[in-house]
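This briefing covers the pockets, cavities and ligand surroundings of one protein model. Please keep the structure open while reading.

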Amino acid sequence: MSTTVYVSRDASALAMGAERVARALAAEAARTGADLRIVRTGSRGMFWLEPLVEVATPAGRIAYGPVQPSAVPGLLAAGMLHGAVHALRLGAVEEIAYFRNQQRLTFARVGITDPLSLDDYRAHGGLRGLARALDMAPEQIVSVVTESGLRGRGGAAFPAGIKWKTALDASGAQKYIVCNADEGDSGTFSDRMLMEGDPYQLIEGMIIAGLAVGATHGFIYLRCEYPHAQRALQAALATAYENGLLGASVLGSGQRFELELRLGAGAYICGEETSLLDSLEGKRGQVRAKPPLPAIKGLFGKPTVINNVITLASVPIILERGAEFYRDYGSGRSRGTLPLQLAGNIRHGGLVEKAFGLTLRELLYDYGGGSASGRPIRAVQVGGPLGAYLPESQFDTPIDYEAFAAIRAMLGHGGIVAFDDTVDMAEQARFAMEFCAIESCGKCTPCRIGSTRGVEVIDRIVANDAREKNEALLRDLCETMLHGSLCAMGGLTPYPVLSALEHFAEDFR
Ligand SMILES: Cc1cc2nc3c(=O)[nH]c(=O)nc-3n(C[C@H](O)[C@H](O)[C@H](O)COP(=O)(O)O)c2cc1C
Ligand code: SF4
C-alpha cells in the first residue's frame, strides 16, 4: 500500500522551495521504487519550517522540516515513510507547540486537506453549514450570524449580521455578494492562505450569504498579485459548477447562486469597499461618499453585501455548529477567533488562529519566539499601514477590538509586523505619510494634499528646522486628516504618525 506524503503548494511554501521538494520526492521514489503518493495541501502556517513534509503513519501525520531537495534521498533511506527518526523529524504536527496551542476554526482544514478536492472538503466537514442554511429562512440565517457576534475581519470590525440584515431588508430584484480579497495591508496573508488552502470554504460562505440576503450573484475581487490564489479559486469554482454546488440550483435546492472571479489591478485604495465597487464596475477605483450604504445601494446601484474573505469563510462553521459555539470563543465584544499573521522581524513568522483575548506579548514571544535578529523587539505595527506603532510598554494589550481602540490603535485585519531596536521610527512615520500620498484616491483634500505636506513637515522636523513649530503643525495636520477625510485611508494615516511621535519621540531628534 502506498504511503501518503503531504507537501504544501501555498505561495509561502513555494517561495521556500516546496515545489522542488515535491519533485525530488517523486524522482527519488521512482528511482528507489518507494511506494508513495504526494498530496499537495495548503500551508500549516509555520513558515520557518517550510518546506514542511508530512507523512501519514498509523500514529498520525509525522512532520519533517524544513526539507531541502538535497535531503530527500537521505530522508527516504532513513525510513521517513514509516515516520523514522531523523535530524529533520519534528514529530506530530498537532504536537508542535506553535500549532497545538491554536484554536483553529476558520483554518481547521488548511494544510490538512487537498484544497481542490471537493470530496476531501466534504469528508472533513465541508458543506454541513450550507446544508443547514438551505433548510432555514433567510431571517433565521441572518439571526444566527448576528448572534454569533461575528464582526468583519477586513478592518472595520462591523457586525456582519447587521450588514446582512440591512441587505436583506433592502428592496431590489437583484442583490449581490462581494468578497473583498484585495488583502492590501502590509504583513497580512490570511486571506491568501485561506483561498489557496481551502477555497471551497469561502465559496460555501458566499453561498450562505446569498441565501441569507436573497442575492443570486456573487463576485470575488482578488488582487492580481495573488496568482496562486487565482489558480486555486478558478479550479475550485469550475469544480463547484460541475458538481452543482454553484449554478441554477445549489445542491439541487432550486436556489440559484452564480459566482465569478475578478482581478484588481493593484491599487491599495481598491480594498476600500466603495472603491472596490467602482473598480468592479469597470471604473477607476475611487471612494464613494456614504450614505448610501453599499448594503442598500452598492454594485451597479443594487443592494450589496461586501465582506472580507475571513468573515465569509467563518460563516460555514457558525451555521454548522451554531451561534453559541462560535460566540463562546473570544473576549468582550470581540467574539470568535482571529487568524493573526506574524511578520517582519520575527523568528517564527506565520499564522496563529486564536480566540480574541491573548496579549500581544504572548503572540510575539510564545508564538513568534521574539525577533529574528535576536535583538529586542522595539515596536510592532498592528493592522496594516494605517495601524499604530506600539511600544514594548503596550505589549500587554489584549487582542480585542475595544482594547486596541482604547490605546488609539486598531487590530485591522490581524497583521502584525515586528521591528527590532535598529528601526528608525521617524523614517516609519514618514513612510506612513508617503504611502498615503502615493495610494490616496485623490477625492478629498485632507488626504490628497495633507499627506504630501505631511512628508515635508516630517522631513523638516528630522532636519531640526524649527522643530517645535513643525511638530505642532504635524499634530494639527493629523487632526485635520483624522476628522476631515472622506475615508479611513486619510482618516487613519495619523495613527502610525502620531504613535511614532508619541512613543518614539527620540527618533525625531
Ligand atoms: C484604504 C482601505 C483599504 C482597505 N483594504 C481592505 C482590504 O484589502 N481587504 C478587506 O477585506 N478590507 C479592506 N478595507 C475595509 C473595507 O473597506 C471594508 O470595511 C470591508 O471590505 C468590509 O468587510 P468586513 O466587514 O467583512 O470586514 C479597506 C479599507 C480602507 C479604508
Ligand atoms: S481619504 Fe484619501 S483615499 Fe479616502 S476618499 Fe479621501 S482622498 Fe480618497
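How many nonpolar, polar and charged residues does the lining of the largest cavity have? It has eight nonpolar, two polar and one charged residues. The model is predicted. The structure holds two cavities of 30 Å³ or more; ligand 2 sits in the largest cavity, while the space taken by ligand 1 is the largest pocket.

- The volume of the largest cavity is about 50 Å³.
- Its lining is made up of I269, V287, S440, C441, G442, K443, C444, C447, L486, C487 and M489.
- Around ligand 2 there are 13 residues, and those that come nearest are C441, K443, C444, C447 and C487.
- In the shell around ligand 2, eight residues are nonpolar, four are polar and one is charged.

**Largest pocket**

- The largest pocket contains about 1300 Å³ of space.
- Its lining has 50 residues; G154, G155, A156, E273 and A488 lie nearest the centre of the pocket.
- By class, 23 of the lining residues are nonpolar, 15 are polar and twelve are charged.
- At least two lining residues are supplied by each of α8 (160–169), β9 (304–308), α16 (401–406) and α20 (488–492).
- β9 provides the largest share of this lining, namely four residues.

- Ligand 1 is surrounded by 20 residues, with G154, N180, N307, N308 and T311 as the closest.
- N307 places a polar side-chain atom 2.9 Å from an oxygen atom of ligand 1.
- N308 has a backbone N or O atom 2.8 Å from an oxygen atom of ligand 1.
- For T311, an N or O atom in the side chain is 2.7 Å from an oxygen atom of ligand 1.
- On its own, ligand 1 has 610 Å² of accessible area, of which the protein covers 92%.
- Two or more residues of the shell around ligand 1 come from each of β9 and α20.
- Of the elements, β9 gives the most to this shell, with three residues.
- The shell around ligand 1 consists of five nonpolar, nine polar and six charged residues.

**Second largest pocket**

- This pocket has a volume of about 210 Å³.
- The residues that line the second largest pocket are R9, D10, L14, R40, T41, G42, P115, L116, E196, H228, R231 and A232.
- Four of these lining residues are nonpolar, three are polar and five are charged.
- β2 (36–41) and α11 (227–242) each contribute at least two residues to the lining.
- The most comes from α11, which gives three residues.

**Second largest cavity**

- The second largest cavity has a volume of about 40 Å³.
- Y6, V7, S8, T41, G42, S43, R44, E50, L52, E54 and G111 form its lining.
- Strand β1 (residues 3–8) accounts for the largest share of that lining, with three residues.
- The lining of the second largest cavity comprises three nonpolar, five polar and three charged residues.

Note on methods: Residues numbered from 1 in each chain as written. Chains lettered and ligands numbered in written order. Predicted model: local features only at pLDDT ≥ 70, side-chain atom pairs only at ≥ 80, totals over all residues. Heavy atoms only, no water. Near = heavy atom within 4 Å. 1 Å grid on protein atoms, 1.4 Å probe; cavity = no way out; pocket = protein on both sides within 12 Å on 5 of 7 lines; lining within 4 Å. Sits in = over half its atoms within 2 Å of the grid points. Nonpolar A, V, L, I, M, F, W, Y, C, P; charged D, E, K, R; others polar. Points joined across faces, edges and corners; volume = space filled by probe spheres on them. Polar contact = N/O pair within 3.5 Å; in protein donor to acceptor, adjacent residues only side chain to side chain. Areas by Shrake-Rupley, 256 points an atom, 1.4 Å probe, with all protein chains shown as cover.
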